[in-house]
Amino acid sequence: MTTKFTPDHEYIRVEGATGIVGITPYAQDALGDIVFVELPSVGKVLKKGDEAAVVESVKAASEIYAPVSGTVTEVNDALTGNPGLINSDPENEGWIYKIAIADAGEIDSLLDDAAYAELTQ
Amino acid sequence: MRYLPHSEAERAEMLGVIGVPNIDALFSAVPALALKSFDLGLPAHSPEFLVEAHMRALAGQNHAGSDGPFFVGAGAYRHHVPATVDHLIQRSEWLTAYTPYQPEISQGTLQMLFEFQTQVAKLTGMDVANASLYDGSTGTAEAVLMARRLTKRNKIVLSGGLHPHYRDVVRAYLKDDADLVCLSASPEGQGDILDHIDDQTAAIVVQTPDFYGHLRNIKTAADAAHAKGALLIVVITEVVSLGLLEAPGALGADIVVAEGQSIGNALNFGGPYLGLLATRKEFIRQMPGRICGETVDAEGQRGFVLTLSTREQHIRREKATSNICTNSGLCALAFSIHMALLGEAGFTRLARLNHANACKLADALEAVPGVEVLNKTFFNEMTIRTPQPAAALIERLAKRGILGGVPVSRLEPKDHSVGNLIVLAATELTTDEDIAALTSALAEELA
Amino acid sequence: MSMNNQGRPTGTGTSGFASTSGSALLPNEPLLFEIGDTEHSGVDLPDATITNTRLGGFERKTALDLAGLTEPEAMRHYVRLSRLNHSIDSGMYPLGSCTMKHNPRLNEKMARLPGFADIHPLQPASTVQGALKLMNELSHWLMTLTNTSAVALTPKAGAHGELLGMMAIKAAQDAAGQGHRRTVLVPESAHGTNPATAAFLGYSVKSIPARSDGTVDVQAVKDALSPDVAAIMLTNPNTCGLFEPQVIEIAKAVHAAGAFFYCDGANFNAIMGVVRPGDLGIDAMHINLHKTFSTPHGGGGPGAGPVVLSAALAPFAPVPFVRKGANGLELVEHEEDQALGRITAFQGQMGMYVRALTYMLSHGGDGLAQAAQDAVLNANYIKARLGQVFSVPFPDYPTMHEALFDDSFLAGTGVTTLDFAKALIDEGFHPMTMYFPLVVHGAMLIEPTESESKQTLDRFCDVMEELALDAKAGNAARFTAAPMKAPRRRLDETRAARSPIIKWERPAETLKAAE
């Protein structure tokens with residue numbers, strides 16, 4: 001199981017052929033209290049870099065882009081009633097959607113832990 | 001100049017603090033050829049009494065509603081506005097406040113908007129309402145766009161009973177759009193809109209009472225729309241009708257747009273008016289315009305803020321639900337105060353009075369030889385067919401001091417079938433004498 | 001410090017009771033629905049008898065449930081609520097880009113003359129000649145002040161005017177076979193309505209970076225121009241309060257590329273009577289009558305946003321407009337081959353036209369120029385007085401009608417720009433615009449307008465200085481806890497947005513008791 005990052009502060013945790021996507025602790029901290037999440041629909045086909053979801057804080061709305069190409073297989077419905085999960089636990093309970101990865105090769109081009117840490121220094 | 005506080009000495013002193021020799025130095029970034037390179041040729045400043053005299057002279061060249069019998073409606077209605085309403089909206093703290101961006105010192109405006117939203121929701125029978133839009137016509141265009149966002153479909157069907165101006169505004173907003181179907185005018189209240197709903201339809205737009213005064217069957221329209229997964233947008237230009245007619249929300253409407261001018265706001269030759277927009281709770285995040293919400297302050301006291309602002313242009317910029325920024329705050333206040341003064345008891349009586357006077361008007365018009373009332377149903381407005389072209393007839397009535405309604409040809413100049421039609425409204429201000437004056441003048445003109 | 005339940009600080013009394021000092025005049029006001037009911041009414045109306053209704057079976061069956069108040073109760077409710085608002089009449093309102101100037105009451109009086117307020121938009125033209133003359137006069141003033149060829153009066157507000165202006169540009173280009181142009185250039189300092197408007201019309205928005213001196217980079221504009229560009233939307237004076245020194249060069253480059261120059265006129269107050277935008281090469285510009293020409297903001301509208309148009313765009317103005325006809329003035333409501341059509345029912349914001357023209361006649365051409373110069377003088381005075389304590393991001397040019405500072409003076413104090421603004425509330429001032437324009441970190445945009453006296457400006461500057469020094473001295477609590485003297489403490493916006501409550505619901509226990 002590996003976790004990779006985009007320069008736009010999405011993470012993708014790879015579990016076999018599936019990726020779990022959310023925003024990083026750094027991103028949630030910068031956005032402040034999340035008040036609403038617009039989830040993608042299951043079955044939606046995404047190309048790498050497509051807008052997949054939107055997270056809104058009181059003062060800002062941020063698009064969440066697809067870190068890799070694939071098809072949305074599941075979304076975190078718990079966020080609808082409790083968007084604050086992204087603040088309290090962005091990497092576990094605050095995940096946003098799962099994607100069936102179309103091209104495993106795209107994973108390699110993402111940032112690893114060290115590279116992302118450097119980016120957010 | 002009475003509005004400018006500085007004396008010449010103060011100006012000089014301030015320039016000294018800034019460290020420039022004269023005011024022109026502060027305009028140094030302006031290209032020389034554009035700076036005061038002209039003589040405006042405009043009159044010089046003027047004392048208050050001379051300005052007032054000038055404006056009074058202009059106002060005096062208009063025939064005001066109170067100058068004689070008045071039957072003009074068609075989207076704007078002459079109602080009584082209680083003196084309290086106009087007094088209150090001129091209080092400094094209402095009149096000269098800005099949009100409530102600092103909620104701690106704007107609780108007056110915010111609580112009022114919360115009350116206004118509640119009134120609009122109750123009136124329309126919908127779950128939620130926004131804090132107002134510019135007017136009913138632009139509100140209709142906004143509702144159409146909202147329906148497209150909600151359904152992710154494009155086809156919009158406008159009923160032939162929709163106010164022609166509203167139709168034209170939607171046309172302008174959806175310029176070059178092949179998915180907009182505008183049904184032809186239906187002065188007899190006939191409707192074929194149900195035949196145009198298919199599985200590509202985002203919404204149908206139905207006005208009731210419609211432009212010609214007929215009451216439309218909202219329940220049937222809602223069922224037909226929903227059967228195809230489309231939304232029903234109900235448009236109301238005369239909100240007083242909701243005192244007697246079933247709330248569109250109770251009949252299945254998905255979005256209700258109304259012109260709120262009738263309550264609390266004068267005719268004003270067309271503006272400022274007040275757009276009302278109400279919808280279902282689940283559509284709240286696609287609703288355009290500002291929204292006020294309840295919350296608590298740091299000490300747990302109830303308070304109000306503008307909320308869901310991430311839908312708006314100042315945050316979403318090119319992804320906003322609408323480019324609307326300013327709304328109709330003061331008109332919403334006037335509406336809300338007037339509605340609070342009326343209450344359910346007063347609002348219902350007001351509606352009954354309007355309908356009663358319209359019934360008298362219809363009966364009196366029927367009795368004029370040559371005049372045919374086209375409506376079997378109406379609230380306070382109806383359409384008549386006369387044996388003569390309507391526009392000229394209305395002009396002749398105006399010369400007699402009677403504003404006898406709106407010739408349909410003024411709004412539908414290309415449709416020759418409506419050339420002899422007049423839309424007339426009665427309100428609580430219409431007297432038996434007014435009706436008698438109109439019908440006898442009509443009888444003479446048509447004789 | 002203990003707090004009473006009004007959210008204001010308690011007094012220094014020694015009795016152990018919370019003082020209610022000040023709150024006697026500012027009581028909490030319940031909601032209309034908590035004090036009114038469906039029986040009470042403040043309007044006397046006869047109960048009409050209808051023998052033969054024509055409602056066709058569509059009668060209301062569901063309850064309205066609208067609360068009513070008698071007239072004295074209503075008067076108190078709305079007077080009490082009003083006292084919870086700050087307003088321009090009660091204190092300085094230095095909101096940058098909003099032009100909160102004095103609203104003369106003669107304007108209100110004139111707008112209420114029956115000859116203006118009690119006329120219907122669809123009366124015969126022969127019965128409203130005075131109203132049409134007024135529209136013509138207002139148009140004349142607007143065209144003269146801007147040196148332009150036409151004006152479309154109907155837009156309901158600034159953003160609506162922007163929409164119309166861009167629609168006119170689109171119509172003109174479609175007519176000229178230039179409909180393929182799909183890009184609009186928008187400087188990154190622009191007001192959010194600009195990109196929202198362009199996107200609404202299907203244009204893609206290309207952002208133009210600002211130079212380090214706060215003005216638009218002419219070279220960046222030239223580089224971005226192409227056969228695909230339809231227009232540039234430029235605010236001038238810009239949102240940093242600066243006059244774009246190379247605006248003429250920008251206009252020439254834009255025109256040479258076959259594109260149009262839309263000018264956001266939100267800041268026209270700085271230059272009215274002093275600079276004519278038409279001389280700068282603009283093609284369309286909306287004018288906020290509720291900013292520049294003193295029609296009241298009314299807690300968020302109504303506004304009015306007439307758009308002046310260059311000769312090239314004049315044929316693409318929407319209906320209706322006023323024209324001289326055989327029998328006096330007439331209102332043109334339909335026109336063959338009219339490209340744009342109609343953007344609102346009726347004639348626009350007549351009530352605002354009356355107020356704006358009253359204001360113009362009061363000032364005259366000379367007074368308007370003086371007002372613009374005073375607005376610029378006041379902003380530069382604030383910049384000069386506060387420039388030692390506050391950081392000025394763009395010192396190269398004199399500012400126009402607003403003074404822009406950034407929050408670098410707060411570095412390390414633990415006080416945010418927002419905290420600072422809230423502390424200003426406790427001192428009796430409405431905060432400045434914050435965090436806008438976006439090109440400046442922690443922006444604080446102060447627009448005093450011409451309406452403020454030197455005395456008020458001095459007091460404002462004294463308070464600003466004192467606050468800044470206090471923040472730097474480490475007294476963060478005064479800021480982070482602010483406001484302490486307002487009708488409410490800081491409000492929880494997260495809670496409001498997470499589970500929106502946007503209308504009053506009858507409390508559950510009342511519903512149960514009623515069953």
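The model is predicted, so local features need pLDDT of at least 70 and side-chain atom pairs count only at pLDDT 80 or more, while totals for chains, interfaces and linings use all residues. Residues are numbered from 1 along each chain as its sequence is written, and chains are lettered from A and ligands numbered from 1 in the order in which they are written.

Chain C has 16 helices and twelve strands; helices (H or I, at least four residues) and strands (E, at least two) are DSSP runs, numbered from the N terminus. Its C-alpha atoms occupy a box of roughly 80 × 80 × 45 Å along the principal axes. In chain C, 58% of the 515 residues count as buried. A residue is buried if 20 or more other C-beta atoms lie within 10 Å of its own, exposed if 12 or fewer, and partly exposed in between, with C-beta atoms placed from the backbone.

Chain B comes to twelve helices and 13 strands, and its C-alpha trace spans about 80 × 50 × 50 Å along the principal axes. Of its 447 residues, 64% are buried. Among the contacts in chain B with a separation of 6 or more, 72% join residues 24 or more positions apart; two residues are in contact if their C-beta atoms, placed from the backbone, lie within 7 Å.

Where chains B and C touch, 168 residues of chain B are in contact with 177 residues of chain C. Helix 10 of chain B supplies the largest share of the chain B side, 21 residues. That side has 85 nonpolar, 54 polar and 29 charged residues, where Ala, Val, Leu, Ile, Met, Phe, Trp, Tyr, Cys and Pro count as nonpolar, Asp, Glu, Lys and Arg as charged, and the others, Gly among them, as polar. One residue to look at here is C:Pro114, found in helix 4 (residues 114–117) of chain C. Leaving aside neighbours within four places in sequence, C:Pro114 is in contact with B:Ala64 and B:Ser66. C:Pro114 counts as partly exposed because 17 C-beta neighbours lie inside 10 Å.

Helix 10 (residues 329–366) of chain B also meets helix 12 (residues 432–446) of chain B, with axes that come within 10 Å and cross at roughly 25°. Axes are lines fitted to C-alpha atoms, for helices over the stretch in contact, and angles run from 0 to 180 degrees between N-to-C directions. The two helices are therefore roughly parallel; angles under 35 degrees count as roughly parallel, over 145 as roughly antiparallel, 65 to 115 as roughly perpendicular and the rest as oblique. On the helix 10 side, B:Lys360, B:Leu361, B:Ala364 and B:Leu365 meet B:Asp432, B:Ile435 and B:Thr439 of helix 12.

In chain C, helix 6 (residues 158–175) and helix 7 (residues 193–200) pack at about 45°, with axes 10 Å apart. These two helices are therefore oblique to each other. Their contact has five nonpolar, four polar and one charged residues.
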